[in-house]
Amino acid sequence: MTALNHVPSLLTRAGSVSALTLAVVGGTLVAPGLTSEAEAATHGTKALKIAASKKGSPYRYGATGPNRFDCSGLTQYSFKRAGKKLPRTAAQQYNKTRHVSASNRVRGDLVFFRSGRSVYHVGIYAGKGRIWHAPKSNTVVRLEKIWTKSVSYGRVR
C-alpha cells in the first residue's frame with residue numbers, strides 16, 4: 001500500500017492536514033479558489049525560469065514582451081506564461097500578491113522595491129539575495145543582487 005492510500009485515513013484521524021503534509025505523502029489539496037503553497041511555488045519556479053530565459057532582452061518603458069520589457073512587464077509576462085494572471089504595474093502586482101516575510105521568501109516570489117509607501121520596482125526572487133528583473137532604460141533583463149533593504153516580498157496566488 002502506498003503513502004497516497006493513507007491520505008484519507010490521515011484526514012479522518014487528524015481532522016485536517018496541511019498542504020505540505022499532503023505534498024509529502026503524495027496527495028493533493030482540493031479546495032475551490034485556494035492555491036496550495038506547493039502549487040504557488042511551482043508557478044513561481046516556472047515564472048522564474050521564463051524570466052531567466054529573457055536574459056539580455058532590452059528594457060523599454062511600458063513593454064510587456066516577448067522581446068522587450070519594463071520591470072512589471074517582465075513579471076506579468078513570466079507569470080502569464082506560467083499560468084497565472086498579474087495586473088500591469090508593480091504597485092498593482094504588490095496589491096494582488098500574498099505578502100510574505102523575508103525569512104519565508106522562496107525562489108519565484110516577487111520582490112517589490114519601496115520608497116516609503118510607494119512601490120516603484122519589481123523583480124522575481126532567484127535565491128541567494130538575487131532577482132531577475134528589467135532594471136531601467138538603456139539596460140537589459142538580468143540577474144542582479146538586491147541592492148537595498150527597502151523591499152517587500154509577495155507570493156502569486
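Predicted model: local features only at pLDDT ≥ 70, side-chain atom pairs only at ≥ 80, totals over all residues.
Six strands form an open sheet in the order β1-β6-β2-β3-β4-β5, and their pairing is antiparallel. The edges belong to β1 (98-100) and β5. Each has a single partner strand, so one side of each is left without a neighbour in the sheet. From one strand to the next, the twist averages 45°.

Now look at one pairing. Strand β3 (residues 118-127) runs antiparallel to strand β4 (residues 130-133), and three bridges join them. Tyr125 has Ile131 of β4 as its bridge partner.

Helix α4 (residues 71-81) lies across β2, β3 and β4. Its direction makes an angle of about 50° with β3.

Turn to the aromatic rings. The structure holds five aromatic pairs. One of them joins Phe113 and Trp147. Their ring centres are 4.4 Å apart and their planes meet at 15°; under 30 degrees counts as stacked, so this pair is stacked. The pair links distant parts of the chain. Phe113 belongs to strand β2 (residues 110-115), while Trp147 sits in the loop between β5 (142-145) and β6 (151-155). The two residues are 34 residues apart.

Phe113 has a relative accessible area of 0%, so Phe113 is buried. Trp147 is partly exposed, at 45% relative accessibility. Together with Tyr120, Phe113 and Trp147 form one aromatic cluster.

Another ring has a charged neighbour. Arg114 lies over the face of Tyr94, 4.8 Å from the ring centre.

Definitions and conventions
Residues numbered from 1 in each chain as written. Heavy atoms only, no water. Phe/Tyr/Trp six-rings, centres within 6.5 Å; stacked < 30°, edge-to-face > 60°. Helix = DSSP H or I, 4+ residues; strand = E, 2+ residues; numbered from the N terminus. Buried < 20%, exposed > 50% of the residue type's maximum accessible area, 1.4 Å probe, protein only. Lys NZ or Arg CZ within 6 Å of the ring centre and 35° of its normal. Pairing = 2+ DSSP bridges. Axes fitted to C-alpha atoms, helices over the stretch in contact; angles between N-to-C directions. Contact = heavy atoms within 4.5 Å.
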